[in-house]
Amino acid sequence: MKTNIKKYTKVLLMVAVTLGAASCKKGYFYDGINNDPTQLQKPIPTNLLPGIIQSTGYEWGGDASRFTSIFMQQVTGAANQSYSATNYSVSSDDVDNMWSFGLYGGIMNNANAMVKLADANGQAHYAAIGRILLANALGLTTDLWGDIPYSQAFQGNANLQPKYDSQQQIYTTIDNLLTTAITQLAASENSIQPGSDDKLYSGDLTKWTKFAHSLRAKFFLHLAKVDASNYSKAITEAQSGFTSSNDDAVVNFSETSVNTENPWSQFNSQRGDIEFTGYIYDLLNKNGDPRLDVYSDGGGGLGALYGNSNSPVYLMSYDELQFIIAEAQFQTGNKQAAATAYNAGVAANLGRTVGSSTYAATVAKTSGSIALNDIMTQKYIANFLNPEVWTDWRRTGLPALTPAAGGVLNGQIPRSLLYPSGEQRYNTNTPPNTGGMLRRVWWDK
Amino acid sequence: MKKILLNFLWVLIMLGSHAYAQNRTVTGTVTGKEDGLPLPGVSVVVKGTKIGTQTGANGKFSLNVPSPNSVLVFSFVGYETTEARASANLNVSLITAQRSLNEVVVVGYGTQERRDLTGSVGKVSGATLASNPTPSFDKGLAGRVTGVRVTESSGFLGSAPTIRVRGTNSLSNEGGPLYVVDGIPIVTGNQSGVVANNPLADINSEDIESIEVLKDGSSTAIYGSRASSGVVLITTKKGKTGRQVINYSGWAGYATASKRLSVLNANDFITIANEKLTNSGATPKAFPTLDPTGNPYNTDWQDVVFRRGFQQNHAISVSGGTDKSNYYFSAGFADFKGQIVGNEQRKYNVRANVEQKALNILTLGFTSGISYVKNLGLNSGTNGLSANVNNALQALPNVPVFNPDGSYNISADGTVLGPGSNTKGIDNNYTNIKYILDNNIYKNQNLTFTGTGYLDAKIFDGLHARTQIGVNSLYGEDYQYWNPIHGDGRPNGLVFQQYIPTFNYDWVNTLTYNKIFGSHKINVVGGAEFQKQRARSFNAQGTGLSNVYFGPNNLISGTLSTPNIGGGIAENAIRSFFGRANYAFKDRYLLTLTYRSDYISNLGPNSPPGLLPGGSLGWRISDESFFKNSSALKFVNDLKLRASWARTGNVNIPTYAFASTYAPATYGTSSGIAFNVLGNDKLKYEKTDKLDFGFDLTMLHNRVSVTADYFKNNDNNLIQQVAIAPSLGVPGNQISQNVGSMYNKGFEVSVTSTNIQSSAFTWTSNFNFTYIKNKVTTLYGGNDLIGTYNITRVGNPLNSFYGYTFLGVNPANGNPMYLKGNGQTIQGDVTKGNYYIYDPANPTALVTQTTLNTADKTIIGNALPTYYGGFANNFTYKNFDLGIYLTFSGGNKVMNATRQETLLNQLFINNGTEILQRWNSPGQVTSVPKLYYGNGNFINTTGNASTRFLEDGKFIRGQELSLGYTLPKSIVQKVNMNKVRVYAQVQNAFIITKYKGLDPEVSNTGTSVDFNANPRPRTFILGLNVGF
């Protein structure tokens, strides 16, 4: 009997020790086991900002630039998809990456996250910058596609079928984002400030404010076709915009690694499907414009200005703002102000491209000689490779372009892109592509 | 006086008679037939009586028998019971039991006798593995266990074979069984970023006592969430009680490529290359290149990349024990040069297993193995410009490897192979592969430690408590160097060095209770297990090497102008509780129940545990009275019926898949973060429900044993990367979800028989056969998963081949013809690269243009074999032994992409000899279309499967032929040895197949696609086994 008790006690002791050791070791043993050490679950705005800016630059110099400049005959596609694009044959599959890795996946999801985080942490300045970048990307997306998801987007598992907001709602959203941003930038707060992580302005909040105003002006101008009162709103807003080329919103690229190479340079060296010939080159040649030497490398390739691996990508420039003012002033009857702005725009653009504004005198206009075609043509040249050129042409029809001979749209130039194949397949709320690429977005109707 | 004489005579007669008859004492020694070692503890009994004894530590026995004609019965666990007529000096050898019921089988967390087993477990003994040497033991499992398919998909020394137990259980076709060594799950899978490496090669085959493969639900369920792909249990040797045993095993031999592809010689190349050019309207550009003696060069580049590789392996072990302790020490050395130039492996390993009993109730012990393996490799990718097979099959045969002055034949700008007298350079930028193999370095070295320490205490009679801690740590280092002068490293060179430490820690506590109450036999085990794994790596690399002198050895500071760094870490853990109860009533009604609950860290902190139950039943029907009394069934010795069902899991889910995370990236000089993965915190592990019905039969005096099983495994909750709308803003637009399901079902049969057994000649054979079908039953949204050559579609097997139907070559113009989806026959115009409707009345007319694309693809074949197995025959005649081992497989097709893209290309590079059959005159009936330079992608539909290149994959392989001779005892004992055996062996001796490529098993993409794969070796070895 005694030995049995002894043995049973032994059992109990062993079991107790084992279980005790098990539970006490558990904490130490499994500490942090659910956290992936290589990926963050809780980023901070400082981490997110460089990527958002870089992705924006990559998209502005990538697919968005390629399709628009092909349509607008600033370049010519010679092979593969670029060749099809020259004939206006761009499928839903071709534009899928623009949403998946570019606008929605690369820029807006992260910008949205940054805004939420910054608002929650009371970091008003980061929140403002996030809003500006978000508005900028939203603007391009809606200009290219029309109605797009926003208010229900980015919700992950909670909403796998986001509804599409109308373009009118999107434009209201954009304006709200920008005005909130402008207010937030003016507020004073003492959290960490953007600095070296700000790849656009290195933390200069005045420049961000000017950028926000300039964007606001641009978006008012877009809506002027719907409501002419937007012209004067644009002019007012532009007063608080860029004041010189030092304020330009420019994303810099360096050639240190493949993911920081200028997108045009990367495309040309990897694919080489695009030739740098077309209407704009013929125009520059005919006019003896010195910008021909920097837009082209003399052999059908892209000039070093925008074509080197460390060339910058312009999101929006001071000269573009001047042309916005010029057009708005012209449409509201103030030809003097229009001519002044026009001349300033030309000079500024020549300054930042060829380094000398001597040529400006050749195309200078006065209040008597200025015409809308002059403004839009010089803007078209100044905005070489910027996606904005397509929006400008759709709004004004200038400069007048002849549709491509092999075009598949019955002799017309496209007016919007098809909704991406990913959206059509997996989001039941995607509108049908009625009218194909001739479908007009709301402000284009 | 007379009385004395009579007595004296009587004594004489007695003396004259057989001495034995007077003594009636039998003495002798009992040894094991295979190793010649004495067997202590063997029971020696006079048949039909209770008179008996046991052999002592030296195998000797002495027994007084009642009659000179007594028959003695020798029996011992693990050996065939043998009978022998008594004689004065009776030496008996016992043969290891092939499939004896008393065989002890290792199951999870314990052992069972085979007679009590209700699950399906296949066993391979260490002796079988050791007598068939391979670089890693897993390759030696091919064809030995029913339901286990071992495919060596490449001829590389370091690469691991693909092992599937009863089919594939995941849509990605990844993941093999769980490997457990002495109770601790070990890290498997390629541990190098540079050279194929297989951690299972760290285990010396000589150290393995047995391998058990747990196949069905009941046997695997105790491993719960890691068990759905089967479990392989490896047990290392322990010392046996008795005298000390010293063994030496060594072999040496060489390996050559078992087959080479037939490529054009220089003259044929010139003809074909020029025809390609002239057909396309260009001028001929290929001409013979003359060497200094005026003879044209004719280079077979396969001579440059393949060789006869010398291989040797040595292992020595010392073991012994008393009834209180036992020990096993071993050391091994191996040096293999592969049949592929540049591929080598060198291994050193040591092992120490020690066990000690103390205080009558405790057993403590440890097992430890340390190994160092160095693998040297090369660029062997499918498509690389400097990949060995891709290059050797296409390099120009009419130019030399070296220039007459001894320098490498390289073009003037240093980028490609020199053109010789051709007026055009080689296409596709192929390099001089000899330079590449001589200068580039791909190296991995790995120091692995696997060890366990355990303490087992007997609480009271029948109850044992055991705790065991196991550690498996791997310290690997990669090194890669690309020479900057020529090849992949041009122009800046590359140096890459990486350190990869991986650590796996496992702590198991169990309580086991064994008891027999009358006719009830109970065995219960319950326990808790804690396991954690951490895998880390960091690397430094750079380009811009200042001087090639600094390349081959190590990263040297200051030698690289553009450095770069990287690193990562991942951890996961499992916490589990498990239990198993075995109950046997009257030794013939058997029941097993198992249960396991696993908390898995990869599913997130809030996920529920996996609760995995299982059960099985067995009925020894041959013990029933109706069976025993039936005369018709007398030939049956033992028949057990069994059935089992269990739910198991598969934890091969993406690490940290439950969390939405942001990944780091650098932007110029800043480092930042961007959204990366959308997490799914409702993700569950994949589940497999396994059903099995089977029987185990021994008959004809235990000479034949048959095991057969019918199984069905249902896989559910298969994880797919489900596509989502881009407006969710997730790069790559996907999220992991449990949506798929599929099943594997089939049957297995294994027959082992001792066909002839006499004192001079024995013949045993083992035949095993598995038939299996796989079908996918659910996919997300019913959507197909489409790959390059394969498709996974609901209602079809995984990865079925999906492609075009080829209808031959149009004899009128040499165009390839295909079947369009709507039933029309079309032909592809090789000159323009367009398709046209074919009009049989007017075969050369190219009028109505049409297309050939995905809409015309259909499912054209099966990628997974539906049957496979092995047939082994072993013969012994006196001291000679002969083994013939065949393996076979079939029911699948192989997509021969090597023919499609490499051998039949239309560029200025070499081709296979099949291209000599090309069409070149109207009316010619052939299967190779007209040549046309530059249109290879169109003519051969590269990047797409087509029936033109889909070949039958069935084969019979002569896996091993071996002939051995064991020196007679008399000679051997003179030098104090116990056994000496010499043997000669050929591995992969021959293959019977219709497949035109190198080997139907060679498929380097896992989907039965052969694309520039390296050949498997044929190895010839001579070996020596010595036992002291």
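**Figure 1. Chain A as a whole.** Of the 445 residues of chain A, 51% count as buried; a residue is buried if 20 or more other C-beta atoms lie within 10 Å of its own, exposed if 12 or fewer, and partly exposed in between, with C-beta atoms placed from the backbone. This is a predicted model, in which local features need pLDDT of at least 70 and side-chain atom pairs count only at pLDDT 80 or more, while totals for chains, interfaces and linings use all residues. Residues are numbered from 1 along each chain as its sequence is written, and chains are lettered from A and ligands numbered from 1 in the order in which they are written. Chain A has 19 helices and four strands; helices (H or I, at least four residues) and strands (E, at least two) are DSSP runs, numbered from the N terminus. Along the principal axes, the C-alpha atoms of chain A fill a box of roughly 120 × 50 × 40 Å. Of the contacts in chain A between residues at least 6 apart in sequence, 71% join residues at least 24 apart; two residues are in contact if their C-beta atoms, placed from the backbone, lie within 7 Å.

Figure 2. Helix α2 (residues 45-60) of chain A has 16 residues and spans 22 Å from its first C-alpha to its last, close to the 22 Å expected at 1.5 Å a residue. The expected span is 1.5 Å times one less than the number of residues. In α2(A), 16 of its 16 residues are buried. A:T179 lies in another helix, α7 (residues 167-186) of chain A. A:T179 counts as partly exposed because 15 other C-beta atoms lie within 10 Å. From A:T179 to A:T209 is 30 residues in sequence and 9.9 Å in space, C-alpha to C-alpha.

**Figure 3. Two cis peptide bonds.** In chain A, A:L398 and A:P399 are joined by a cis peptide bond with omega about -5°. A:P399 sits in the loop between α18 (388-396) and α19 (421-426) of chain A. In chain B, the bond from B:R490 to B:P491 is cis, with omega near -5°. The loop that holds B:P491 runs between β23 (463-482) and β24 (494-517) of chain B.

**Figure 4. Positive phi in two loops of chain B.** B:N428, a residue other than glycine, has a positive phi near 60°. B:N428 is in the loop between α7 (388-394) and α8 (433-439) of chain B, and is partly exposed, with 14 C-beta neighbours inside 10 Å. For B:K586, also other than glycine, phi is positive and near 55°. B:K586 belongs to the loop between β26 (560-585) and β27 (589-600) of chain B; with 12 other C-beta atoms within 10 Å, B:K586 is exposed.

**Figure 5. Where chain B touches chain A.** Contacts link 47 residues of chain B with 53 residues of chain A. On the chain B side, at least two residues each come from several strands, among them β22 (441-460), β25 (520-545) and β30 (661-667). The largest share, six residues, is supplied by β31(B). By class, this side of chain B has 27 nonpolar, 18 polar and two charged residues; Ala, Val, Leu, Ile, Met, Phe, Trp, Tyr, Cys and Pro count as nonpolar, Asp, Glu, Lys and Arg as charged, and the others, Gly among them, as polar.

**Figure 6. A sheet in chain B.** Three strands of chain B form an open, mixed sheet in the order β48-β46-β51; two strands pair if DSSP finds at least two bridges between them. β48 (950-952) and β51 (1009-1010) stand at the edges with a single partner strand each, so one side of each has no neighbour in the sheet. Strand β46 (residues 893-896) of chain B runs parallel to β51(B), joined by two bridges. B:M895 is opposite B:V1009 in β51(B).
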